Amino acid sequence: MNLVELKAQWNGVLDYVEERNRIAWLAFFDARLVSLTGNTLTLSFIDAEKLGGKHDFKLARNPEHTTLLQEAIKFVAGIELEIVEL
């Protein structure tokens, strides 16, 4: 699978997450899929238009939410991925 194919299934991934945990869905809703290299998916939450200055949401994100996202990707896309957040 490549990044374009995963992006095509991303709404399904988010729907899966939302059905199980709305807070986790909110945490990943604005994520941009940056790259898919091997079994590593890189997500970015950087949006210069929303917030000025430096911010780091990954410090506040619940690790269980990332686990749920991985579960959703496996269920929808059929692949197991490590998640890296920028």
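Predicted model: local features only at pLDDT ≥ 70, side-chain atom pairs only at ≥ 80, totals over all residues.
**Helix α1.** I looked up α1 first, and found that it covers residues 3-20, with 18 residues reaching 24 Å from the first C-alpha to the last, close to the 26 Å expected at 1.5 Å a residue. I noted a bend of about 50° at glutamine 9.

**Core.** I then turned to the largest nonpolar core, which has 24 residues, and in which Leu6, Trp10, Leu41, Leu43, Leu69 and Ile73 have the most contacts. At least two residues of this core come from each of α1, α2, β1, β2 and α3, and α1 gives the most, with seven. For leucine 43, leaving aside neighbours within four places in sequence, I recorded contacts that include Trp10, Phe28, Leu69 and Ile83.

**Salt bridges.** I found three salt bridges in the structure. Glutamate 18 pairs with arginine 22, the closest N and O atoms being 2.5 Å apart; I noted glutamate 18 as partly exposed at 31% relative accessible area, and arginine 22 as partly exposed at 47%. Arginine 20 meets glutamate 19 at 3.2 Å, N to O, where arginine 20 is partly exposed at 43% and glutamate 19 is exposed at 62%. Lysine 74 meets glutamate 80 at 3.0 Å, N to O, with lysine 74 partly exposed at 45% and glutamate 80 exposed at 58%.

Methods. Residues numbered from 1 in each chain as written. Heavy atoms only, no water. Helix = DSSP H or I, 4+ residues; strand = E, 2+ residues; numbered from the N terminus. Expected span 1.5 Å × (residues − 1). Bend = angle between axes of the 7 residues up to and from the residue. Core = buried A, V, L, I, M, F, W, Y, C linked by side-chain atoms within 4.5 Å. Buried < 20%, exposed > 50% of the residue type's maximum accessible area, 1.4 Å probe, protein only. Contact = heavy atoms within 4.5 Å. Salt bridge = Lys/Arg side-chain N within 4 Å of Asp/Glu carboxyl O.
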